[in-house]
Amino acid sequence: MTFATLGLIEPLLRSLETLGYQTPTPVQAQAIPAVLAGRDLMAAAQTGTGKTAGFALPLLQLLAMEGPKVTANSVRALILVPTRELAEQVHEAVRQYAENLPLRTYAVYGGVSINPQMMKLRSGVDLLVATPGRLLDLFRQNALKFNQLQTLVLDEADRMLDLGFSEELANIYRALPKKRQTLLFSATFSDDIRLLAGQMLNDPLTVEVSPRNVAANTVKQWVVTVDKKRKPELFVHLMRKGKWKQVLVFAKTRNGVDALVEKLQGLGINADGIHGDKPQATRQRALDRFKLSEVQILVATDVAARGLDIEDLPLVVNFDLPIVAEDYIHRIGRTGRAGSTGEAISLVCADEVNLLSAIETLTRQTLKRQNEPDFEPEHRVPDTDASGQVIKKPKKPKKPKTSGGGGKRNLGKWVDTGEASAPEPSVKPVRKVPVFNTGPRKRKP
Ligand code: AMP
(Lines give C-alpha, C1' and ligand atoms only; values in the text may rest on other atoms or scores of the structure.)
Protein backbone atom coordinates (compact mmCIF):
# COMPACT_ATOMS: atom_id res chain seq x y z
CA MET A 1 0.00 0.00 0.00
CA THR A 2 1.19 3.54 -0.77
CA PHE A 3 -0.01 7.02 0.15
CA ALA A 4 -1.11 7.45 -3.48
CA THR A 5 -3.42 4.43 -3.30
CA LEU A 6 -5.06 5.97 -0.22
CA GLY A 7 -6.22 8.79 -2.48
CA LEU A 8 -3.91 11.60 -1.43
CA ILE A 9 -3.27 14.37 -3.92
CA GLU A 10 0.06 15.09 -5.54
CA PRO A 11 1.12 18.18 -3.47
CA LEU A 12 0.77 16.08 -0.32
CA LEU A 13 2.60 13.13 -1.87
CA ARG A 14 5.48 15.47 -2.69
CA SER A 15 5.67 16.66 0.93
CA LEU A 16 5.69 13.05 2.15
CA GLU A 17 8.47 12.22 -0.26
CA THR A 18 10.51 15.13 1.11
CA LEU A 19 9.88 13.85 4.65
CA GLY A 20 10.89 10.32 3.66
CA TYR A 21 7.56 8.69 4.55
CA GLN A 22 7.32 5.65 2.27
CA THR A 23 4.52 3.47 3.59
CA PRO A 24 1.41 4.49 5.52
CA THR A 25 1.33 3.30 9.12
CA PRO A 26 -1.73 1.19 10.14
CA VAL A 27 -3.58 4.17 11.64
CA GLN A 28 -2.91 6.20 8.50
CA ALA A 29 -4.10 3.37 6.25
CA GLN A 30 -7.42 3.29 8.09
CA ALA A 31 -7.94 6.95 8.91
CA ILE A 32 -6.97 8.66 5.64
CA PRO A 33 -9.65 7.13 3.35
CA ALA A 34 -12.33 7.46 6.07
CA VAL A 35 -11.59 11.15 6.70
CA LEU A 36 -11.45 11.85 2.96
CA ALA A 37 -14.90 10.24 2.67
CA GLY A 38 -16.20 12.67 5.29
CA ARG A 39 -16.68 10.14 8.09
CA ASP A 40 -16.44 10.93 11.79
CA LEU A 41 -13.69 8.96 13.45
CA MET A 42 -12.97 7.56 16.86
CA ALA A 43 -9.39 6.36 16.83
CA ALA A 44 -7.39 4.68 19.57
CA ALA A 45 -3.79 5.19 18.59
CA GLN A 46 -0.74 5.35 20.76
CA THR A 47 1.72 8.18 20.29
CA GLY A 48 4.36 7.19 17.80
CA THR A 49 1.91 5.42 15.51
CA GLY A 50 1.82 8.28 13.01
CA LYS A 51 -1.63 9.45 14.09
CA THR A 52 -0.87 13.13 13.42
CA ALA A 53 -0.40 12.48 9.71
CA GLY A 54 -3.41 10.15 9.92
CA PHE A 55 -5.72 13.10 10.51
CA ALA A 56 -3.68 16.04 9.18
CA LEU A 57 -3.11 14.74 5.63
CA PRO A 58 -6.75 14.11 4.70
CA LEU A 59 -7.82 17.25 6.55
CA LEU A 60 -5.45 19.38 4.49
CA GLN A 61 -6.65 17.70 1.33
CA LEU A 62 -10.30 18.45 2.13
CA LEU A 63 -9.43 22.05 2.93
CA ALA A 64 -7.52 22.44 -0.33
CA MET A 65 -10.15 20.76 -2.51
CA GLU A 66 -13.46 21.76 -0.95
CA GLY A 67 -15.26 24.65 0.65
CA PRO A 68 -15.10 28.43 0.34
CA LYS A 69 -12.07 30.66 0.90
CA VAL A 70 -11.57 31.50 4.54
CA THR A 71 -12.98 34.86 5.64
CA ALA A 72 -11.72 37.32 8.30
CA ASN A 73 -11.34 35.84 11.80
CA SER A 74 -12.71 32.50 10.63
CA VAL A 75 -11.21 29.05 10.88
CA ARG A 76 -12.14 26.08 8.67
CA ALA A 77 -10.53 23.24 10.61
CA LEU A 78 -9.66 23.14 14.28
CA ILE A 79 -7.27 20.73 16.01
CA LEU A 80 -7.58 20.82 19.80
CA VAL A 81 -4.61 19.56 21.80
CA PRO A 82 -3.98 19.47 25.56
CA THR A 83 -0.63 21.27 25.85
CA ARG A 84 1.33 24.13 24.34
CA GLU A 85 4.20 21.88 23.32
CA LEU A 86 1.87 19.54 21.53
CA ALA A 87 0.26 22.51 19.77
CA GLU A 88 3.69 23.52 18.45
CA GLN A 89 4.56 19.97 17.49
CA VAL A 90 1.29 19.24 15.68
CA HIS A 91 1.44 22.59 13.91
CA GLU A 92 4.99 21.93 12.80
CA ALA A 93 3.89 18.58 11.32
CA VAL A 94 0.90 20.25 9.63
CA ARG A 95 3.15 22.98 8.24
CA GLN A 96 5.45 20.38 6.69
CA TYR A 97 2.60 18.40 5.16
CA ALA A 98 0.98 21.59 3.80
CA GLU A 99 4.21 22.89 2.29
CA ASN A 100 2.91 22.62 -1.29
CA LEU A 101 -0.66 23.75 -0.63
CA PRO A 102 -2.01 27.32 -0.60
CA LEU A 103 -3.39 27.02 2.94
CA ARG A 104 -2.94 29.19 6.01
CA THR A 105 -2.16 27.29 9.20
CA TYR A 106 -1.45 28.59 12.68
CA ALA A 107 -1.18 27.52 16.35
CA VAL A 108 -2.53 29.33 19.42
CA TYR A 109 -1.94 28.47 23.08
CA GLY A 110 -1.74 30.14 26.48
CA GLY A 111 1.33 31.31 28.34
CA VAL A 112 2.26 33.80 25.62
CA SER A 113 0.82 37.19 24.66
CA ILE A 114 -2.62 37.02 23.05
CA ASN A 115 -2.26 40.15 20.87
CA PRO A 116 -0.03 38.75 18.11
CA GLN A 117 -2.42 35.79 17.92
CA MET A 118 -5.39 38.15 17.51
CA MET A 119 -3.55 40.02 14.75
CA LYS A 120 -2.73 36.82 12.93
CA LEU A 121 -6.32 35.56 13.08
CA ARG A 122 -7.69 38.75 11.50
CA SER A 123 -7.22 37.51 7.97
CA GLY A 124 -8.61 34.04 8.80
CA VAL A 125 -6.86 30.69 9.08
CA ASP A 126 -7.67 27.47 7.20
CA LEU A 127 -6.35 25.17 9.89
CA LEU A 128 -5.84 26.18 13.49
CA VAL A 129 -4.14 24.12 16.20
CA ALA A 130 -5.17 25.28 19.67
CA THR A 131 -5.23 24.51 23.35
CA PRO A 132 -8.79 24.79 24.74
CA GLY A 133 -8.30 27.68 27.21
CA ARG A 134 -6.66 30.09 24.77
CA LEU A 135 -9.10 29.17 22.03
CA LEU A 136 -12.01 30.18 24.26
CA ASP A 137 -10.28 33.44 25.23
CA LEU A 138 -9.87 34.31 21.56
CA PHE A 139 -13.46 33.36 20.80
CA ARG A 140 -14.81 35.43 23.67
CA GLN A 141 -12.82 38.43 22.53
CA ASN A 142 -14.32 38.07 19.04
CA ALA A 143 -10.95 37.29 17.50
CA LEU A 144 -12.34 33.99 16.23
CA LYS A 145 -15.53 32.89 14.51
CA PHE A 146 -16.63 29.32 13.91
CA ASN A 147 -19.22 29.94 11.17
CA GLN A 148 -16.93 28.38 8.53
CA LEU A 149 -15.76 25.48 10.66
CA GLN A 150 -16.08 22.19 8.81
CA THR A 151 -13.85 19.83 10.82
CA LEU A 152 -12.95 19.46 14.50
CA VAL A 153 -10.12 17.20 15.67
CA LEU A 154 -9.71 16.29 19.33
CA ASP A 155 -6.15 15.06 19.69
CA GLU A 156 -5.15 13.25 22.88
CA ALA A 157 -8.74 13.57 24.05
CA ASP A 158 -8.13 11.42 27.13
CA ARG A 159 -5.41 13.78 28.26
CA MET A 160 -7.66 16.79 27.79
CA LEU A 161 -10.12 15.24 30.20
CA ASP A 162 -7.31 14.32 32.61
CA LEU A 163 -6.13 17.92 32.61
CA GLY A 164 -9.60 19.13 33.54
CA PHE A 165 -10.54 20.65 30.16
CA SER A 166 -14.01 19.10 30.10
CA GLU A 167 -15.70 22.44 30.86
CA GLU A 168 -13.76 24.21 28.12
CA LEU A 169 -14.52 21.42 25.67
CA ALA A 170 -18.21 21.71 26.44
CA ASN A 171 -18.11 25.48 25.87
CA ILE A 172 -16.24 25.11 22.60
CA TYR A 173 -18.59 22.36 21.49
CA ARG A 174 -21.58 24.66 22.07
CA ALA A 175 -20.04 27.39 19.91
CA LEU A 176 -19.35 25.13 16.91
CA PRO A 177 -21.71 24.53 13.97
CA LYS A 178 -23.74 21.37 14.49
CA LYS A 179 -23.00 20.18 10.96
CA ARG A 180 -19.33 19.31 10.89
CA GLN A 181 -16.91 16.41 10.73
CA THR A 182 -15.37 15.36 14.04
CA LEU A 183 -12.30 13.20 14.59
CA LEU A 184 -11.40 12.01 18.07
CA PHE A 185 -7.96 10.59 18.82
CA SER A 186 -7.09 9.12 22.17
CA ALA A 187 -4.33 6.80 23.33
CA THR A 188 -6.85 4.94 25.43
CA PHE A 189 -10.64 4.50 25.27
CA SER A 190 -11.81 5.01 28.83
CA ASP A 191 -15.48 5.08 29.76
CA ASP A 192 -15.37 8.89 29.88
CA ILE A 193 -13.89 9.05 26.40
CA ARG A 194 -16.63 6.78 25.07
CA LEU A 195 -19.17 9.07 26.74
CA LEU A 196 -17.57 12.14 25.14
CA ALA A 197 -17.51 10.39 21.77
CA GLY A 198 -21.20 9.55 22.14
CA GLN A 199 -21.95 13.27 22.49
CA MET A 200 -19.68 14.64 19.82
CA LEU A 201 -19.46 12.08 17.04
CA ASN A 202 -21.96 11.09 14.41
CA ASP A 203 -21.88 7.42 13.38
CA PRO A 204 -18.11 7.28 13.78
CA LEU A 205 -15.80 4.72 12.28
CA THR A 206 -13.83 3.13 15.10
CA VAL A 207 -10.15 2.64 14.44
CA GLU A 208 -8.09 0.74 16.97
CA VAL A 209 -4.57 0.09 15.81
CA SER A 210 -3.23 -1.44 18.98
CA PRO A 211 -4.99 -3.60 21.54
CA ARG A 212 -6.82 -1.54 24.08
CA ASN A 213 -4.56 -0.04 26.73
CA VAL A 214 -1.50 -2.09 25.86
CA ALA A 215 1.80 -0.27 26.00
CA ALA A 216 4.06 -0.15 22.96
CA ASN A 217 5.68 -3.55 22.61
CA THR A 218 8.79 -2.05 21.06
CA VAL A 219 9.72 -0.73 24.50
CA LYS A 220 11.65 -2.92 26.92
CA GLN A 221 10.30 -2.13 30.35
CA TRP A 222 11.47 -2.95 33.82
CA VAL A 223 11.33 -1.83 37.42
CA VAL A 224 14.06 -1.19 39.97
CA THR A 225 12.76 -1.13 43.53
CA VAL A 226 14.41 1.31 45.90
CA ASP A 227 13.73 3.34 49.02
CA LYS A 228 12.23 6.72 48.18
CA LYS A 229 15.05 8.75 49.67
CA ARG A 230 17.65 6.86 47.63
CA LYS A 231 16.04 7.46 44.23
CA PRO A 232 18.36 10.35 43.20
CA GLU A 233 21.42 8.30 44.17
CA LEU A 234 20.14 5.26 42.27
CA PHE A 235 19.38 7.39 39.23
CA VAL A 236 22.93 8.73 39.10
CA HIS A 237 24.32 5.22 39.68
CA LEU A 238 22.25 3.75 36.83
CA MET A 239 23.12 6.65 34.59
CA ARG A 240 26.84 6.18 35.07
CA LYS A 241 26.66 2.40 34.92
CA GLY A 242 24.55 2.40 31.74
CA LYS A 243 26.48 5.31 30.22
CA TRP A 244 23.16 6.93 29.41
CA LYS A 245 23.41 9.52 26.67
CA GLN A 246 19.95 11.04 26.33
CA VAL A 247 17.23 10.40 28.87
CA LEU A 248 13.77 11.79 29.42
CA VAL A 249 12.90 11.53 33.11
CA PHE A 250 9.43 11.88 34.58
CA ALA A 251 8.89 13.18 38.08
CA LYS A 252 5.55 13.60 39.82
CA THR A 253 5.70 17.22 40.92
CA ARG A 254 7.19 20.54 39.87
CA ASN A 255 9.30 20.57 43.01
CA GLY A 256 10.38 17.03 42.27
CA VAL A 257 11.58 18.14 38.84
CA ASP A 258 13.44 21.14 40.23
CA ALA A 259 15.06 19.11 43.04
CA LEU A 260 16.35 16.41 40.69
CA VAL A 261 17.64 18.92 38.14
CA GLU A 262 19.44 20.81 40.88
CA LYS A 263 20.97 17.61 42.22
CA LEU A 264 22.16 16.51 38.78
CA GLN A 265 23.51 19.93 37.88
CA GLY A 266 25.32 19.98 41.23
CA LEU A 267 27.10 16.82 40.13
CA GLY A 268 28.12 18.48 36.88
CA ILE A 269 25.55 16.56 34.84
CA ASN A 270 24.00 18.36 31.89
CA ALA A 271 20.34 18.43 32.97
CA ASP A 272 17.34 20.71 32.54
CA GLY A 273 13.71 20.56 33.60
CA ILE A 274 10.27 21.43 32.23
CA HIS A 275 7.03 21.77 34.14
CA GLY A 276 3.82 23.76 34.07
CA ASP A 277 5.20 26.56 36.25
CA LYS A 278 7.96 27.57 33.86
CA PRO A 279 7.37 30.21 31.19
CA GLN A 280 6.56 28.82 27.78
CA ALA A 281 9.76 30.20 26.22
CA THR A 282 11.91 28.47 28.86
CA ARG A 283 10.09 25.18 28.36
CA GLN A 284 10.46 25.36 24.61
CA ARG A 285 14.15 26.25 24.87
CA ALA A 286 14.86 23.31 27.20
CA LEU A 287 12.98 20.99 24.87
CA ASP A 288 14.72 22.27 21.74
CA ARG A 289 18.11 21.89 23.40
CA PHE A 290 17.22 18.37 24.48
CA LYS A 291 16.16 17.50 20.93
CA LEU A 292 19.49 18.84 19.66
CA SER A 293 21.28 16.72 22.30
CA GLU A 294 22.63 19.88 23.93
CA VAL A 295 20.91 18.75 27.13
CA GLN A 296 21.55 15.18 28.22
CA ILE A 297 18.87 14.69 30.87
CA LEU A 298 15.46 16.35 30.58
CA VAL A 299 13.31 16.04 33.69
CA ALA A 300 9.61 16.72 33.20
CA THR A 301 6.19 16.48 34.76
CA ASP A 302 3.48 14.74 32.76
CA VAL A 303 1.71 17.97 31.94
CA ALA A 304 4.78 19.38 30.22
CA ALA A 305 5.85 16.29 28.37
CA ARG A 306 2.65 15.06 26.88
CA GLY A 307 2.77 13.99 23.23
CA LEU A 308 6.30 15.21 22.57
CA ASP A 309 7.92 13.59 19.59
CA ILE A 310 11.63 13.30 20.12
CA GLU A 311 13.37 11.37 17.42
CA ASP A 312 15.21 8.19 18.44
CA LEU A 313 14.84 8.74 22.17
CA PRO A 314 16.46 5.59 23.58
CA LEU A 315 15.39 5.77 27.20
CA VAL A 316 12.61 6.99 29.45
CA VAL A 317 12.99 6.85 33.23
CA ASN A 318 10.04 7.07 35.57
CA PHE A 319 11.70 8.66 38.57
CA ASP A 320 8.23 8.59 40.10
CA LEU A 321 5.37 6.47 38.83
CA PRO A 322 2.45 8.43 37.36
CA ILE A 323 -0.65 9.00 39.47
CA VAL A 324 -2.92 8.15 36.54
CA ALA A 325 -1.97 4.71 35.19
CA GLU A 326 -2.75 5.69 31.57
CA ASP A 327 0.07 8.24 31.77
CA TYR A 328 2.51 5.34 32.00
CA ILE A 329 1.58 4.42 28.42
CA HIS A 330 2.06 8.00 27.27
CA ARG A 331 5.36 8.35 29.06
CA ILE A 332 6.91 5.21 27.66
CA GLY A 333 5.46 6.14 24.26
CA ARG A 334 8.20 8.81 24.10
CA THR A 335 10.63 6.03 23.25
CA GLY A 336 10.40 3.12 20.80
CA ARG A 337 8.66 5.45 18.34
CA ALA A 338 7.96 4.78 14.66
CA GLY A 339 9.39 1.26 14.78
CA SER A 340 12.62 1.86 16.74
CA THR A 341 13.20 0.11 20.05
CA GLY A 342 13.49 1.79 23.41
CA GLU A 343 13.79 1.18 27.11
CA ALA A 344 11.66 2.39 30.00
CA ILE A 345 12.90 2.04 33.57
CA SER A 346 10.75 2.79 36.59
CA LEU A 347 12.24 3.51 40.01
CA VAL A 348 9.60 2.24 42.41
CA CYS A 349 9.43 2.69 46.17
CA ALA A 350 7.10 0.99 48.64
CA ASP A 351 4.70 3.96 48.63
CA GLU A 352 4.09 3.39 44.95
CA VAL A 353 3.04 -0.26 45.04
CA ASN A 354 -0.61 0.52 44.28
CA LEU A 355 0.39 2.71 41.34
CA LEU A 356 2.58 -0.10 40.03
CA SER A 357 -0.26 -2.56 40.39
CA ALA A 358 -2.63 -0.23 38.48
CA ILE A 359 -0.11 0.09 35.64
CA GLU A 360 0.35 -3.66 35.42
CA THR A 361 -3.40 -4.19 35.35
CA LEU A 362 -3.87 -1.57 32.62
CA THR A 363 -1.04 -2.84 30.46
CA ARG A 364 -1.83 -6.48 31.21
CA GLN A 365 1.72 -7.36 32.11
CA THR A 366 3.81 -7.93 35.20
CA LEU A 367 6.77 -5.61 34.92
CA LYS A 368 10.06 -7.38 35.35
CA ARG A 369 11.98 -6.38 38.46
CA GLN A 370 15.69 -6.00 38.10
CA ASN A 371 17.08 -4.76 41.37
CA GLU A 372 20.44 -3.08 41.82
CA PRO A 373 22.94 -4.53 44.30
CA ASP A 374 23.51 -2.06 47.17
CA PHE A 375 20.17 -0.37 46.47
CA GLU A 376 17.79 -3.07 47.71
CA PRO A 377 15.08 -1.22 49.62
CA GLU A 378 14.71 -1.44 53.36
CA HIS A 379 10.99 -0.92 52.81
CA ARG A 380 10.18 -3.86 50.58
CA VAL A 381 7.90 -3.24 47.58
CA PRO A 382 5.30 -6.04 47.78
CA ASP A 383 4.98 -8.27 44.72
CA THR A 384 2.37 -7.29 42.18
CA ASP A 385 0.93 -8.84 39.05
CA ALA A 386 -1.30 -7.97 36.13
CA SER A 387 -4.42 -9.19 37.96
CA GLY A 388 -4.32 -6.07 40.09
CA GLN A 389 -3.32 -7.99 43.19
CA VAL A 390 -0.72 -6.72 45.59
CA ILE A 391 0.67 -9.99 46.80
CA LYS A 392 1.25 -9.88 50.51
CA LYS A 393 3.86 -12.21 51.94
CA PRO A 394 2.87 -14.11 55.13
CA LYS A 395 3.49 -11.87 58.07
CA LYS A 396 6.68 -12.38 60.04
CA PRO A 397 6.35 -12.46 63.82
CA LYS A 398 6.35 -8.89 65.12
CA LYS A 399 9.59 -7.50 66.46
CA PRO A 400 9.36 -5.31 69.52
CA LYS A 401 9.04 -1.65 68.45
CA THR A 402 12.14 0.53 68.56
CA SER A 403 11.82 4.29 68.93
CA GLY A 404 11.18 6.42 65.80
CA GLY A 405 11.11 4.54 62.51
CA GLY A 406 7.89 6.03 61.19
CA GLY A 407 5.56 3.22 62.32
CA LYS A 408 2.99 1.78 59.91
CA ARG A 409 3.33 2.66 56.21
CA ASN A 410 0.31 3.56 54.23
CA LEU A 411 1.05 1.95 50.88
CA GLY A 412 -1.97 3.42 49.16
CA LYS A 413 -0.93 7.02 49.80
CA TRP A 414 0.60 8.51 46.71
CA VAL A 415 1.38 12.05 47.70
CA ASP A 416 4.16 11.90 50.19
CA THR A 417 3.52 14.58 52.74
CA GLY A 418 7.20 14.52 53.53
CA GLU A 419 7.84 16.07 50.15
CA ALA A 420 7.49 19.84 50.27
CA SER A 421 5.63 20.03 47.00
CA ALA A 422 2.12 20.17 45.73
CA PRO A 423 0.95 18.23 42.70
CA GLU A 424 0.82 20.05 39.38
CA PRO A 425 -2.14 22.44 39.87
CA SER A 426 -3.74 21.79 36.52
CA VAL A 427 -3.55 18.01 36.85
CA LYS A 428 -6.68 16.47 38.18
CA PRO A 429 -6.29 12.77 38.69
CA VAL A 430 -10.02 12.23 38.57
CA ARG A 431 -11.58 12.88 35.19
CA LYS A 432 -14.49 15.24 34.96
CA VAL A 433 -17.29 14.49 32.58
CA PRO A 434 -18.13 17.42 30.26
CA VAL A 435 -21.07 19.50 31.43
CA PHE A 436 -23.10 18.70 28.35
CA ASN A 437 -23.32 15.08 29.43
CA THR A 438 -26.60 14.00 30.81
CA GLY A 439 -27.34 10.96 32.90
CA PRO A 440 -25.54 9.59 35.91
CA ARG A 441 -21.76 9.76 36.14
CA LYS A 442 -20.05 6.39 36.06
CA ARG A 443 -17.05 6.49 38.32
CA LYS A 444 -14.19 4.13 38.09
CA PRO A 445 -13.69 1.99 41.14
P1 AMP B 1 2.96 10.66 15.75
O2 AMP B 1 2.42 9.37 16.29
O3 AMP B 1 1.97 11.34 14.87
O4 AMP B 1 3.47 11.56 16.84
O5 AMP B 1 4.20 10.32 14.78
C6 AMP B 1 5.38 9.74 15.26
C7 AMP B 1 6.55 9.94 14.33
O8 AMP B 1 6.46 9.10 13.17
C9 AMP B 1 6.72 11.36 13.80
O10 AMP B 1 8.08 11.71 13.93
C11 AMP B 1 6.35 11.28 12.34
O12 AMP B 1 7.07 12.21 11.57
C13 AMP B 1 6.73 9.85 11.98
N14 AMP B 1 5.87 9.26 10.93
C15 AMP B 1 4.53 9.35 10.83
N16 AMP B 1 4.07 8.65 9.79
C17 AMP B 1 5.13 8.09 9.20
C18 AMP B 1 5.30 7.24 8.04
N19 AMP B 1 4.27 6.82 7.32
N20 AMP B 1 6.55 6.85 7.73
C21 AMP B 1 7.60 7.26 8.47
N22 AMP B 1 7.52 8.06 9.57
C23 AMP B 1 6.30 8.47 9.93
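The structure is a predicted model, in which local features need pLDDT of at least 70 and side-chain atom pairs count only at pLDDT 80 or more, while totals for chains, interfaces and linings use all residues. Residues are numbered from 1 along each chain as its sequence is written, and side-chain values use heavy atoms, with hydrogens and water left out.

Helices (H or I, at least four residues) and strands (E, at least two) are DSSP runs, numbered from the N terminus. An open sheet is formed by 7 strands in the order S10-S11-S9-S12-S13-S8-S14, with parallel pairing; two strands pair if DSSP finds at least two bridges between them. Strand S10 (271-274) and strand S14 (368-369) are the edge strands, each pairing on one side only. Strand S9 (residues 247-250) pairs with strand S12 (residues 315-318) in the parallel sense over 4 bridges, and here Phe 250 stands opposite Asn 318 in S12. Helix H10 (residues 231-242) lies across strand S8 (219-225), S9, strand S11 (297-300), S12 and strand S13 (342-348), and runs at about 150° to S13. Helix H11 (residues 254-266) also packs on the sheet, where it touches S9, S10 and S11 and makes about 170° with the direction of S10. Contact here means heavy atoms within 4.5 Å; axes are lines fitted to C-alpha atoms, for helices over the stretch in contact, and angles run from 0 to 180 degrees between N-to-C directions.

Turning to the rings, the structure holds 5 aromatic pairs. Rings of Phe, Tyr and Trp (its six-membered ring) pair if their centres lie within 6.5 Å, and planes under 30 degrees apart count as stacked, over 60 as edge-to-face and the rest as tilted. Phe 55 and Phe 185 form a tilted pair, because their ring centres are 5.0 Å apart and their planes are at 55°. Phe 55 lies in helix H3 (residues 51-65) and Phe 185 in strand S6 (residues 181-186), so this pair ties together parts that are 130 residues apart in sequence. Phe 55 and Phe 185 are buried (under 20% relative accessible area; exposed is over 50%, partly exposed in between, with a 1.4 Å probe and protein chains only). The rings of Phe 139 and Phe 146, with centres 5.0 Å apart and planes at 25°, are stacked. Phe 139 is partly exposed at 28% relative accessibility, whereas Phe 146 is buried at 4%. Ring pairs also link Phe 235, Trp 244 and Phe 319 into a cluster.

The charged side chains come next. A search of the whole structure finds 16 salt bridges, each a side-chain nitrogen of Lys or Arg within 4 Å of a carboxyl oxygen of Asp or Glu. One of them joins Lys 51 and Asp 155 (2.8 Å, N to O). Lys 51 is in helix H3 and Asp 155 in the loop between strand S5 (151-154) and helix H7 (157-162), 104 residues apart. Asp 327 and Arg 159 form another salt bridge, with the closest N and O atoms 2.8 Å apart.
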